[in-house]
Structure formats: C-alpha cells, structure tokens
Amino acid sequence: MENHLSPREQVLKLLRKERIDIIPLFSGMGNVTIHGLEKYGWRFPEIHTDAEKMAKMAASTYQIFGFPCAVVPFDMGVEAEVLGSKVNYYAHQSDILYPTIMEHPSETVEGLEIRIPSDLEKAGRLPVVTEAIRLLKKEVGDKIAIGSWVLGPYTLAGQLVDLSNLAKSAFKKRDLVSQKLGQLAEVLIKIVKIYRNAGADYITVREMGAGPDILSPRMFESLVRPHLRRIFDEIDSPKILHICGDTNAIIDQMALCGADAISVEKKNRVAESRKKLGSEVLIFGEIDPFGVLTQGKPEDVERAVKEAVDGGVNAIWPGCDLWPVVPKENMETLIKAAQKYGKLKN
C-alpha cells in the first residue's frame, strides 16, 4: 500500500510508470476557479500578469478543494506574445474572459518571420510564469505536483497568423508551413526548458488545434507529428501530449510522438483508445469540464469519473481547462468520486 505517498509523489511515480495503488486525479491544464478569486478579492484579468497572484490562484484550487496539483499559465497567449502577437487581457471587464490575440505579427504564413528574442527568459510574460512556478514550489511544492504547459507548434502558428490562411497553406504550401513549425518547435523547446529550470515537475504540450476535427489524420502524420516528436525528444520527462476532439483516428499517432502520457477529452472514446494502445501507454482523461463539471449535477460528475475509470484511464483528468465558474459542489464531488473510484484494478 502506498497511501503514505503525497499527491505529488503519486503523480510523479505514475509519470515514471511506476506502480501506485490509485488512479490519481490531477491536470496538466488550467484549473483556477472563481472560488479562488473570491477568496482573494481579485478580478480575473489581474492573475495573468502578476506572478504572485498567478501562483496564489494556481494553488487556491488545491487549498480550497484538495485538487492535487497547481498549473500555470492560464491562457494561450504567452508564447504568441513572446513572438510578436498582441494580447487583449480584457483589463476593464468584470466577466471571466480569457486573454485572446488581438493582433498577429503577420496575417499570412508567407509573411511570418519568427524571431526568437536573444534574452528569451526575460521576454513577454515568461518572467511572470517562471516566478509563479518558483513561488508555487515554495508554497505547495512539497505536497502537490507543479505543472506547466505550452502550445504545440501548429496551434501556436494559429496564434501568430490568420487561421484560415494557416489552414489553406497547410494544404497548398506544406513545405513552407513545416519550415515555420520547425522554427516554432525550437522556440517551444527553449520555453519548456525555462519552465523546467524554474521548477515545473511536468510539462503538457497542448496541440489542440491539430486534431482530426481540423486536420486529417494523414496531415497530422506528415505535417504535425514530426515536430511534436522533435519537441518530446528534446525535453525531459515527465511530458504529456494533449489534443482536443475525437482523437481516436490519430491515437496511435499520438502514442508515437514520444510523450510519457497522452491526454484526451470526452469526444475521445477512451475505451476504444485503450484497446488500440494496449495497457502500457498512459492515457489521461476524460472528464468534460464544461458539460459535466460546470453544467452538470453532482451525480453527473460522479458518473463521469466512474466512466473514465471503467474506460481505462490512468489518471482522472479534465479534458481541458476547468471553467472557472464550476460550481463548488461539483468540485467537491469530483474529489470524492476520484477517491471512491480511483482504486487500481488488480
């Protein structure tokens, strides 16, 4: 029995593919809630540009509910901002609005010039994220695992140019797009190493923009997978690959990218993925953060956890960022259901 292990030790043992006696609950994506904002009296725009607030909010979901990890950053604009995109933080809004790209460095792939800042560690909000990681390590890092994440190269390209132009170029100018993705992979490898040096225990690469809902499996294999493979080959473990959508058609391709684990969402039929990949591949998922955790009732949450475990997941894991407005009772049920159903099957 290993119930003496801390949540951090359980997660890290799992990611090393060492045997543990539970199916742990954690995430590689954002998991902040309005309950944390209310605890500190902060507005949502404040937590993206202030390292102390970012760290305290990342830790708050553990401190309030017992959700056993803390992950930064919270929005998809960090890497794009470093490379020249302008981000709208909705600073004067009181609603929960995630930062979005309001201006690209180029509208076309042809016009995109990727320049890596000479002092990358000090570029954009990277100092905010790295300081937040250091603060988290000091505050809760002995108890829970501290995660960070970056976009995959194709998804990042969609933050730097017009999406429709990227999609057209992927078909008509594949070599050019691949060249740009290679340059973006280089940037992402450097950023991951910065986060790991700051103390991140594990990294998730989120290539949500390259799933079968957007690119064909053949296109994923020829255009996207080689660059993901390069990233995972050049970064240290633990490392996780997440792709949104119905990923059953590319699940075998995902397994070839070199990550230690694969993250899927509810559209993926996890039981089918488990049959395809066998028992050795770590699959994390598949809790629906909006339809179930936010809009559902506590009994829906419990059912979703049981279904994920029955489907063969190795970690009970939201399929995307938590919606900050997730009801308190649903978060409490998520924790209890994970403890109830997350027993390792012999």
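**Exercises on salt bridges and overall form**

The side chains of E286 and K266 form a salt bridge with an N to O distance of 3.6 Å; a salt bridge is a side-chain nitrogen of Lys or Arg within 4 Å of a carboxyl oxygen of Asp or Glu. The model is predicted, so local features need pLDDT of at least 70 and side-chain atom pairs count only at pLDDT 80 or more, while totals for chains, interfaces and linings use all residues. Residues are numbered from 1 along each chain as its sequence is written, and side-chain values use heavy atoms, with hydrogens and water left out.

**Exercise 1.** Locate the salt bridge between D233 and R229 within the secondary structure.

*Solution.* 
1. The closest N and O atoms of D233 and R229 are 3.1 Å apart, and the two residues form a salt bridge.
2. Both residues lie in helix α9 (residues 217–234), four residues apart, which is about one turn of the helix.
3. R229 has a relative accessible area of 35% and is partly exposed.

**Exercise 2.** Classify the two partners of the salt bridge between K143 and D142 by accessibility.

*Solution.* 
1. The N to O distance between the side chains of K143 and D142 is 3.5 Å.
2. K143 has 36% relative accessibility and is partly exposed.
3. D142 has a relative accessible area of 55% and is exposed.

**Exercise 3.** State how many salt bridges the structure holds, and name the members of a network.

*Solution.* 
1. The structure holds 22 salt bridges.
2. R8, K137 and D201 are linked in a network of them.

**Exercise 4.** Compare the radius of gyration with that of a compact globule.

*Solution.* 
1. The radius is taken over C-alpha atoms, and the globule rule is 2.2 Å times the number of residues to the power 0.38.
2. For 346 residues, a compact globule would have a radius near 20 Å; the protein has 19 Å, which agrees.
3. Buried residues make up 57% of the 346 residues.

Technical notes: Buried < 20%, exposed > 50% of the residue type's maximum accessible area, 1.4 Å probe, protein only. Helix = DSSP H or I, 4+ residues; strand = E, 2+ residues; numbered from the N terminus.
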